[in-house]
Amino acid sequence: MPEPNIRIALPDDDEELGALDRATWSHLHAVMPLPQPPYSSFFDARHAPDDHLVAELDRRIVGYVRLGFPTELACNAHVRQIQGLAVADEARGKGVGRALIRAAVEEARRRGARRLTLRVLGHNAPARQLYEAEGFAVEGVLPEEFLLDGKYVDDVFMGRPI
């Protein structure tokens with residue numbers, strides 16, 4: 001299996017990334033409701049193209065990771081946060097998620113970060129295992145923080161130095 005090509009997103013990727021985001025929506029990882037038409041733009045004032053790394057296989061976008069700041073505070077500017085990760089169903093199990101996480105670590109480091117954090121739903125065992133394998137550790141848990149599909153779900157905060 002070829003390695004995915006990882007690159008910074010381009011403005012022209014908006015429609016394809018929006019479609020990927022909708023196709024991969026699940027209460028396994030999403031706290032927002034299922035998007036309904038008319039769909040808003042994937043990129044917005046808070047999430048520009050250069051805040052995203054995309055993974056391509058056969059010149060098709062099959063995944064993305066969103067990097068942002070956890071706060072707008074200058075004293076917190078040394079921290080970046082993974083604020084979204086999606087992999088197309090047909091690309092799962094092919095190293096795309098791992099490649100995106102590794103690229104996010106390198107990109108955060110390149111942008112001057114010293115730490116990388118993320119939040120993951122407690123019942124998302126596959127994602128938690130991937131993050132732990134890539135050096136993230138649980139730093140806190142908010143028990144039953146979300147009510148999703150009739151069930152209370154923990155919000156797990158993870159982080160790692162970079």
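# A tour of ring pairs and salt bridges

Start by selecting Phe-42, Phe-43 and Tyr-64, which form one aromatic cluster. The model is predicted, so to speak of local features pLDDT must be at least 70, and side-chain atom pairs count only at pLDDT 80 or more, while totals for chains, interfaces and linings use all residues. Residues are numbered from 1 along each chain as its sequence is written, and side-chain values use heavy atoms, with hydrogens and water left out.

**Stop 1: the rings**

Rings of Phe, Tyr and Trp (for Trp, its six-membered ring) pair if their centres lie within 6.5 Å; planes under 30 degrees apart count as stacked, over 60 as edge-to-face, and the rest as tilted. The count by this rule is 3 aromatic pairs. Keep Phe-42 and Tyr-64 selected: their ring centres are 5.0 Å apart and their planes stand at 80 degrees, so this pair is edge-to-face. Helices (H or I, at least four residues) and strands (E, at least two) are DSSP runs, numbered from the N terminus.

Colour by accessibility next. Buried means under 20% relative accessible area, exposed over 50%, and partly exposed in between (1.4 Å probe, protein chains only). Phe-42 is buried at 8%, and Tyr-64 is buried at 5%.

Now move to Tyr-131 and Phe-136, an edge-to-face pair with 5.9 Å from centre to centre and 65 degrees between the planes. Tyr-131 is buried, with a relative accessible area of 7%; Phe-136 is buried too, at 4%.

**Stop 2: charges over rings**

A charge sits over a ring if NZ of Lys or CZ of Arg is within 6 Å of the ring centre and within 35 degrees of the ring normal. Then select Arg-22 and Tyr-39: the charged end of Arg-22 sits over the Tyr-39 ring, 3.8 Å from its centre.

**Stop 3: Arg-7**

Select Arg-7 in strand β1 (residues 5-8). Its side chain is joined to that of Asp-13 by a polar contact of 2.8 Å (a pair of N or O atoms within 3.5 Å; within protein, one must be able to donate a hydrogen and the other to accept it, and residues adjacent in sequence count only if both atoms are side-chain atoms). Show also the residues in contact with Arg-7 (heavy atoms within 4.5 Å): leaving aside neighbours within four places in sequence, these are Asp-13, His-52, Leu-53, Val-54, Glu-56 and Ile-61. Of this set, keep Asp-13 and Glu-56, which are linked with Arg-7 in a network of salt bridges.

**Stop 4: further salt bridges**

A salt bridge is a side-chain nitrogen of Lys or Arg within 4 Å of a carboxyl oxygen of Asp or Glu. By this rule there are 11 salt bridges. One of them joins Glu-90 and Arg-60, with the closest N and O atoms 2.7 Å apart. Glu-90 is in the loop between β4 (79-87) and α2 (96-110), and Arg-60 is in strand β3, 30 residues apart. Glu-90 is partly exposed at 44%, as is Arg-60 at 41%.

Next select Asp-89 and Arg-92, whose side chains meet in a salt bridge of 3.3 Å, N to O. Asp-89 is exposed at 53%, whereas Arg-92 is partly exposed at 47%.

Finish at Glu-107 and Arg-111, where the salt bridge is 2.7 Å, N to O. Glu-107 is buried at 11%, and Arg-111 is partly exposed at 29%.
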